[in-house]
Amino acid sequence: MVGTGGPVPSFSVWDYVVFAGTVLGAAAIGLFQAIRTRRETSSAEFLLGGRQMTAVPVAMSLTASFMSGITVIGTPAEAYRYGTPFWLFGFSYAIMSFITAEIFVPLFYRLGITSTYEALYTGMVIYAPALALNQITGLDLWGVLVATGAVCILYCTLGGLKAVIWTDVFQMVIMMTGFVAVIAQGAVLQGGLNKIWEDASQGGRLNAFDFDPDPLKRHTFWTIVLGGSLMWVSIYAINQSQVQRYISCRTMTHAKMSLYVNMVGLWVTVSLAVFSGLTMYSIFKNCDPLSNGDVGALDQMLPYLVMAILEEFPGVPGLFVAAAYSGTLSTVSSSINALVAVTVEDFVKPIFPNLSERKVSWVNMGLSVFFGALCIGMAGIASLMGSILQAALSIFGMISGPLLGLYFLGMIFRSANSIGGLVGLLTGLILTLWVGIGAQVYPPLPDKTLPLNVSTAGCLYNQSQDLNFTTDAPWSSAVTLTAQQSVDRPPLADNWYSLSYLYFCPLGTLVTVLCGLAVSAITGGCKQRKVRPELFIQKSDLFCFTCSTESSQVRPLMLAKSA
């Protein structure tokens, strides 16, 4: 009986067929693009898709890239554990889309941007679906990790950015279909969507609006809307894999529109993911699989649900795993392509300026293999970082916050100089890494993270009889709480290290800007005799939907040479 505990069913032959077909389909798109553009071997074609992409496929690619396997696995588990506050990120997505489209995108036609944290995040993205496959199929975890990287290396190496974007479109459809399958079958089993909503309400999962200004509480309206908005701006505005897509658009109008279409895609995706989590709670409200020992980690909850409710439909569990896997393929391929772009444009070409286009193409392919292998290695580090979703967003906040502050210094303040920018960036990184690493070592206690109640009262099969789990207890069991209390926590653990992870980015941005301006003033300010106005935000950039600037007129820079 579903929702009463017990071992997870295994994959059927048809599940393997559906899963393998999805992965092979993604690889086939890469091969098709490679054959189609085999005579167009320029670096611009490989890295920027010939700058002929339109808004809709780019928008779907943008959504798929960061609504990755982490979203498919982590967001439903987040809703199950903490309720619906994550839905408030819809406000953050809207604010992010406006700021990025109206302030940053116009600048991308004059400048380029690089990212320094792509590899670690990509390792986490590879790890998420590998965990799901390991839970459902029993396949070796590292075997899945290597297979994921190999598929991405294949179509990145052969097809370039066009292959990445069109594969993303295919994978976005698979991801949406997986969520819909979970929600539809859950509604059938529970007696309708209204019953799922009613169970969520009775379980306290619908209390999304918490206006407490306490910065130490994990999720409130303010941490999500203020901190989350700036974090997502840093992800979409200064991340190379995203910027590469804007630059690949035919015109600035297409680039801006891709962000607004992407915003709608993010709304739909997060809504389906959160409702999948509420469906999970409705089914497991009387028998929590984690407390009962049926799964070993929170991020294995949704795969366990899928096998529990969809095993009678051959191939459908395979579709769900394909959804998680598709999100991973999308993000990993985007990251590999972005890392190659940065390396070639900012390191290889300046050192070897006389390389022919053919040799550059071979370098592109070789670097795709190298970075793919590196990202597989990073997945091993990701396995040590706890909850996949929060760990991913924490990394974004710690690293991208100071980087965003650095770009604000360069884009807005004409008095800033390179010394101030460097000192501000280092200061911001030191602070955010300090609080972020401290939070990993000394996690905030439940009174700040506010996990909701779970129960094992309805479990018929107990997989953890030797553990002292409490019925109808908060998420952290008596065993966990005892272990936490036995640790000698320093004074900083319950204040500085308990800062909401969504404030890592605003902290890094603010410190970088203020410190950068102060040091710039002390060291004499901007020393350039003539400031180039095209390097700053301009009034004409705002609300410019009739701009006729063609992307082909843009200098193929991946990093501002004047920085």
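Modeller: Helix α10 is mostly covered, with 9 of its 9 residues buried. Buried means under 20% relative accessible area, exposed means over 50%, and partly exposed lies in between, with a 1.4 Å probe and protein chains only. Helices are DSSP runs of H or I with at least four residues, strands are runs of E with at least two, and both are numbered from the N terminus. The model is predicted: local features need pLDDT of at least 70 and side-chain atom pairs count only at pLDDT 80 or more, while totals for chains, interfaces and linings use all residues. Residues are numbered from 1 along each chain as its sequence is written, and side-chain values use heavy atoms, with hydrogens and water left out.

The buried residues of α10 are Gln240, Ser241, Gln242, Val243, Gln244, Arg245, Tyr246, Ile247 and Ser248.

Now its packing. Two packed helices are described by the angle between their axes and the distance between the axes. Helix α10 (residues 240-248) packs against helix α5 (residues 89-108) at an angle of about 75°, and their axes are 10 Å apart. Axes here are lines fitted to C-alpha atoms, for helices over the stretch in contact, and angles run from 0 to 180 degrees between N-to-C directions. The angle makes α5 roughly perpendicular to α10; the cut-offs are under 35 degrees for roughly parallel, over 145 for roughly antiparallel, 65 to 115 for roughly perpendicular, and oblique for the rest. On the α5 side the contact (heavy atoms within 4.5 Å) is made by Thr100, Val105 and Phe108, and on the α10 side by Val243, Tyr246 and Ile247. By class, this contact has 5 nonpolar, 1 polar and no charged residues. Ala, Val, Leu, Ile, Met, Phe, Trp, Tyr, Cys and Pro count as nonpolar, Asp, Glu, Lys and Arg as charged, and the others, Gly among them, as polar.

For another packed pair, take helix α8 (residues 193-202) and α11, whose axes come within 9 Å and cross at roughly 80°. These two helices are therefore roughly perpendicular to each other. By class, their contact has 7 nonpolar, 2 polar and 2 charged residues.

As for the chain as a whole, it has 19 helices and 0 strands. Of its 563 residues, 61% count as buried. Residues 24 or more positions apart account for 89% of the contacts with a separation of 6 or more. The chain exposes about 21700 Å², of which carbon and sulfur atoms supply 67%; accessible areas come from the Shrake-Rupley method with a 1.4 Å probe, and for residues only the protein chains shown count as cover.
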